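Please read them alongside the coordinates.

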Amino acid sequence: MHRSENSASLPSRRAVLKSSLAAGFTLAFYLPVRAANEPEQTPDTTAGQFAPNAFIRIDHTGKTTLVMPQVEMGQGVYTAIPMILAEELDADFSKVELKNAPPNEKLYANPMLGVQATGNSNSVRAFWKPLRQAGAATRAMLMQAAAQQWQVDPASCTAANSVVTHAASGRSIGYGDLVDAAAALPVPQDPPLKNPKDFTLIGKPLKRLDTPKKSNGSAIYGIDAMLPGMKFATLAACPVFGGKVAKVDDTAAKAVPGVHQIVVLDDVVAVVGDHMWAAKKGLDALKITWDEGPNAKISSADIWADLRAASKKDGVVAKSVGDLAKGLAQGERFDAEYELPFLAHATMEPMNCTVHVTPDSCEVWIGTQTISRVQQYAAKAAGLPLEKVTVHQHLLGGGFGRRLEWDMAESAVRIGKQVDGPVKVVWTREEDVQHDIYRPVYRNVISATLSDGKIAAWKYRVSGSSVMARWLPAGGYKNGIDIDAVDSAVDMPYDIPNKQIEYVRAEPPAVPTGFWRGVGPNNNVFAVESFMDELARKAGKDPIDFRRGMLDGNPRLKAALDLVAEKSGWGQPLPARVGRGVCVQPSFASFIATVVEAEVDEHGEVHLRRVTSAVDTGIAVNPDIIVAQLQGGLIFGLTAALWGEITIENGRVQQSNFNDYRMLRIDEVPTIDIHVMKSSEDPGGIGETGATAGPPALRNAIYAATGIALRRLPIDRKALALANKA
Amino acid sequence: MTTLNINGESKTFDAPDDMPLLWVLRDVLGMTGTKFGCGIAQCGACTVHIDGNPVRSCLLPVGSIGNKAVTTIEGVGATPVGAKVQKAWLDLEVIQCGYCQSGQIMSAAALLASTPQPEDADIDLAMAGNICRCGTYVRIREAIKRAAGEV
């Protein structure tokens, strides 16, 4: 090898390999059996490739493979993450190939969550710097390798589209021809990053990489995994939470053509057949007697009575500013309580998991937001060490937090242990709705005083389940405070001199609770922004003017509010029973102001007319995906505000499918205008931002249209019907 | 044995007559582009064409189809209308998670085949049976109009 001055003091290749391993960086070989139909799902391998970090692999032909540490569930990360990596790498974006990251907490843990998970709208926020550094370091190594070969100063070289060029001598060389030399160089620890003004990819509305296959039926979701000799299963868990199987009469089920096997576990019964139809008919033919257990009498009324009682007690103080008692003694005091129901996720792709369990191996095919947890719990269920469990990541047909759980994998492995060969376990929609892990019920108790048209004191107590205490106790639940449950309450955007935010952990009996698109802010933004409108009215102020007067400390949000006021036609006359409502929020590090315009008809039915949002989400990596996420997120939130509620009777969920767990449909969707503001701040989160913005803005539009202050979701049409007005 | 004409090809398989077409496509023939969403014709994810008409395959007994032509998402791109719908879908980046989009595209292609210049009300009528949890409805409407301009 030709040595330049630069490389004279470089460590040997062997030393580099050792130090890379010590630093936790890749070179681990990962070679599970390849699935029959998974052209996109081949495992990540560094063999024969330049792999200076966990995210980038370049082979001798120049083929550049990017390993995705976050999963694609519609939010566009399989485009945004490649854009960030390719930007700093100066790779040819049209030719990059993607791979899913295998379960590996060391390499792929989400820096903001501390575990390998996709959620909390933080894929771009959390990986922004690490990905840029990975791209920049790799690019620096390739440029140095080229400069060495040409014996020129690396600074005199440029890179673009996977080619290094030395303009002065007219030479250029592709990345593929540099991989061996680059691999011998040390990985720079603090490579210079591009000045954003030099970005060529970031900031452009580039086409998504995942959508062509989704338009012709060739994209493979977890539910589409197909393996030679595979059988198909569907299952029933006890309809009462926590209940067990008492007795199963499978005579009729076994007589169903195509049924192979009935698997009876302590809490679940599954039917295995030649196809889902046989499995489903078999399940319908089973006579199962359940031991319903201690939860058989629980109903929503009990759960709400418990929560209301709990919310009256003092909570743990999560934030305190100024002198609350003094503030509450000033001016006129107002009190209100806001309540939010249980919600199911209802991802379009029902829960499913395909497994092949043998005495010494377990292979799992799934689309999951938490692949390492799936691996851990599959190993536990299979009774095998972690390294015997292979998990194949797939596209997700919706996540929304539901796929941050691993229950569907755990039960599939327990079933698969008793099945010879691979089995795909698919839940019916009814099972999916009735055995979800639900968005908790919440109750928020607020007291505030007004003085000179501004809020002098604010006491806010959120009561509800702690999802963090179960899901991420280390880091998420500290000293009795769930950091998610108080998110967007402790950091509410308004300048209020005296305030206190409290949390009461109140776990509902029996009903499992989890993250749901919008997480804690869903609850807090609704309560805060609803009460802001009520206070504005008490103060005799326009809702936007009232907010603007308390946003001096939050200029980004204030600018978004001003823009949405202009773009929404705020203040322009409207017909009777039509109103505009506003919501502002700094949640997920995005600053968004939203106006919903809605009509309330004489029957109390609510019709969405128009939605306008203005958002400062920092550097917009892909502005078109940001617009799409807000359009969709707003609809997700508005759907819940209009109809979303899971109720419990006799320990069972009463809703079962889309006929009684209602979704917004195309004929009910209003015009949605999204204005993405120019910003040079680091990127904010966007996947959940619309979901939290829609409900309070709608609620406030109804308030403006009717004068009725709804304090609970979903909206109560009876309360809004003209006949009910005094 | 049952024989069906699917995407212009003759496919023979063994399945009971009451088995819904959805499961024949997915589990017997391995054509997984058609999706299972609800099983009760409430969401439209399983939409296919039978002689060009949009039908929810989750409730369609395979024994009732006879020699009618079945078109699925894997084959709709071979029709001029289907290809234009798919192109409009990509031009406007309609798709997010994509799970419902096979059904959305099939419903939209059937609409445009019968109503080449649909009004908003036509779109509402033809597409209201297709649920999208990602909320891509605004772009679905635009893409249908885009495709109509090019059909």
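How many of the eight residues of helix H1 (residues 21–28) of chain B are buried?

1. Basis. This is a predicted model: local features need pLDDT of at least 70, side-chain atom pairs count only at pLDDT 80 or more, and totals for chains, interfaces and linings use all residues. Residues are numbered from 1 along each chain as its sequence is written, while chains are lettered from A and ligands numbered from 1 in the order in which they are written.

2. Helix H1 of chain B. Seven of the eight residues are buried, so H1(B) is largely enclosed by the rest of the structure. Buried means 20 or more other C-beta atoms within 10 Å of the residue's own; exposed means 12 or fewer; partly exposed lies in between; C-beta atoms are placed from the backbone. Helices (H or I, at least four residues) and strands (E, at least two) are DSSP runs, numbered from the N terminus. The buried set is B:Leu21, B:Leu22, B:Trp23, B:Val24, B:Leu25, B:Arg26 and B:Asp27. These residues pack against strand S7 (231–237) and helix H8 (276–285) of chain A, and against strand S2 (9–13) and strand S3 (47–50) of chain B. B:Gly30 follows H1(B) and has a positive phi, near 70°.

3. The A–B contact. Here 46 residues of chain A are in contact with 46 residues of chain B; contact means C-beta atoms, placed from the backbone, within 7 Å. On the chain A side, helix H6 (211–214), H8 and helix H19 (623–643) each supply at least two residues. H19(A) gives the most, with six residues.

4. Chain A overall. The chain has 21 helices and 28 strands. Its radius of gyration is 28 Å, close to the 27 Å of the globule rule for 726 residues, so chain A is as compact as a globular protein of that length. The radius is taken over C-alpha atoms; the rule is 2.2 Å times the number of residues to the power 0.38. Buried residues make up 56% of the 726. Of the contacts between residues at least 6 apart in sequence, 77% join residues at least 24 apart.

5. Core. The largest nonpolar core has 281 residues. Such a core is a set of buried Ala, Val, Leu, Ile, Met, Phe, Trp, Tyr and Cys residues joined through C-beta atoms within 7 Å. Helix H4 (residues 123–150) of chain A gives the largest share, 15 residues. A:Leu85 and A:Ala560 are among the residues with the most contacts inside the core. Leaving aside neighbours within four places in sequence, the contacts of A:Ala560 include A:Val584, A:Phe591 and A:Met677.

6. Helix pair. Helix H2 (residues 77–89) of chain A packs on H4(A) at about 35°, with axes 7 Å apart. Axes are lines fitted to C-alpha atoms, for helices over the stretch in contact, and angles run from 0 to 180 degrees between N-to-C directions. A:Leu85 is one of the H2(A) residues that meet H4(A).

7. Two single residues. A:Leu638 lies in helix H19 of chain A. A:Leu638 is buried, with 29 other C-beta atoms within 10 Å. Not counting residues up to four places away in sequence, A:Leu638 touches A:Leu608, A:Leu664, A:Gly694, A:Pro695 and A:Leu698. A:Ser320, in strand S12 (residues 316–321) of chain A, counts as partly exposed, with 13 C-beta neighbours inside 10 Å.

Note on methods. Two residues are in contact if their C-beta atoms, placed from the backbone, lie within 7 Å.
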